[in-house]
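Visitor: Hi, I'm new to this one. Could you show it to me and walk me through it?

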Amino acid sequence: MRELEIPKHVAVIMDGNGRWAVRCGLERTAGHKAGEKVLMKWVRAGVHLGISEMSFYTFSTENWTRSPSEVRFLMNISKQIMRARAPEFLELGVRVKWVGRKTRLWKSVLSELEKIQNLTKNCTKMTVNFCINYGGRAEILDAVTKLVEDARAGRFSGSKVTQKQFEKCMYSSSMRPVDLLIRTSGEQRISNFLLWQIAYAEMIFLDDAWPDTDEQTLQRCVNDYNLRTRRFGAM
Ligand code: IPE
Ligand code: IPE
Ligand code: MG
């Protein structure tokens, strides 16, 4: 049997927390709480499988339109994850990075993110990107703005921008292209996630709500990924 090919970068749209909770007769926020435990299962499974990088869509630039109490809960739980799970990330050898826009993001969340980024900066087993206050369009626009600023300041000359130069201006300049994108909850859309990076990603849409998934789900997705033929425009 052929050896399993492990995707280098797996991006995950963790969707369906709210509906899962309502189905269980609970508040939507209980779904986010359950989702946090599942997130750690996927991180552990990712390390175990030998995935190099995982990106988790945690809070989108559009999620600010939710009720103030849900937004508050999501900001607070993001902080808690960074604080409470820091020893686990360290032990697993996981480097944590924040990917997103600064504007509007709570200062206290930013400061927790800075702490964990610093704490795990020498970890090399896997990189986990938390996409918080992240939007694919915002990222592209912010990169263009940076390029224009660089050109104005004389740091960039030439009339054409290369892909490499553009990617250097993204939130995480070292992010690999996404090999496998997984979305839970039955929705089959991208919802403004990593628009640039998913250009040639294989996509898997699962019907399960995020809190109903576990390590086995990721394993099954990697198995499915191995059944795909990636052509990148070639024959
Ligand atoms: C995903 O679950 C988590 C976030 C968007 C933060 P949702 O909160 O979107 O749950 P559904 O999709 O409404 O069920
Ligand atoms: C995408 O889910 C955002 C996150 C998982 C953080 P949403 O629930 O916000 O997306 P839509 O509204 O269904 O497209
Ligand atoms: Mg949703």
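Predicted model: local features only at pLDDT ≥ 70, side-chain atom pairs only at ≥ 80, totals over all residues.

Visitor: Okay, where is the place of Ala34?
Guide: Ala34 sits in helix 2. Helices (H or I, at least four residues) and strands (E, at least two) are DSSP runs, numbered from the N terminus.

Visitor: And how many residues apart in sequence are Ala34 and Asp207?
Guide: They are 173 residues apart in sequence, and 17 Å apart in space, C-alpha to C-alpha.

Visitor: Let's stay with helix 2. At what angle do the axes of helix 2 and helix 3 cross?
Guide: Helix 2 (residues 28-49) and helix 3 (residues 68-84) cross at roughly 20°, and their axes come within 10 Å. The axes are lines fitted to C-alpha atoms, for helices over the stretch in contact, and angles run from 0 to 180 degrees between N-to-C directions. Helix 2 and helix 3 are therefore roughly parallel to each other. Angles under 35 degrees count as roughly parallel, over 145 as roughly antiparallel, 65 to 115 as roughly perpendicular and the rest as oblique.

Visitor: Which residues make that contact between helix 2 and helix 3?
Guide: From helix 2 you get Arg28, Thr29, His32, Lys33, Glu36 and Leu39, and from helix 3 Glu70, Phe73, Leu74, Ile77 and Ile81. Sorted by class, the contact of helix 2 with helix 3 has 5 nonpolar, 2 polar and 4 charged residues. Here Ala, Val, Leu, Ile, Met, Phe, Trp, Tyr, Cys and Pro count as nonpolar, Asp, Glu, Lys and Arg as charged, and the others, Gly among them, as polar.

Visitor: What about helix 2 and helix 8, how do they pack?
Guide: Helix 2 and helix 8 (residues 215-225) pack at an angle of about 45°, with their axes 8 Å apart. That makes helix 2 oblique to helix 8. Lys41, Trp42, Ala45, Gly46 and Leu49 of helix 2 meet Glu215, Thr217, Leu218, Gln219 and Val222 of helix 8. This contact of helix 2 with helix 8 counts 5 nonpolar, 3 polar and 2 charged residues.

Visitor: Switching to the ligands: which residues are closest to ligand 1?
Guide: Met14, Asp15, Gly18, Arg19 and Arg66 are the closest of the 13 residues that surround ligand 1. A residue counts as near if one of its heavy atoms lies within 4 Å of the molecule or strand.

Visitor: Which side chain has an N or O atom 3.0 Å from an oxygen atom of ligand 1?
Guide: That's Arg28. Polar backbone atoms also lie by oxygen atoms of ligand 1: 2.9 Å for Gly18 and 3.2 Å for Asn17. A polar contact is a pair of N or O atoms within 3.5 Å; within protein, one must be able to donate a hydrogen and the other to accept it, and residues adjacent in sequence count only if both atoms are side-chain atoms.

Visitor: And which residues are around ligand 2?
Guide: Among them are Ile13, Tyr57, Phe59, Asn63, Arg66, Arg183 and Ser191. A polar side-chain atom of Ser191 lies 2.6 Å from an oxygen atom of ligand 2. For Asn63, a side-chain N or O atom is 3.0 Å from an oxygen atom of ligand 2.

How values were computed
Residues numbered from 1 in each chain as written. Chains lettered and ligands numbered in written order. Heavy atoms only, no water. Contact = heavy atoms within 4.5 Å.
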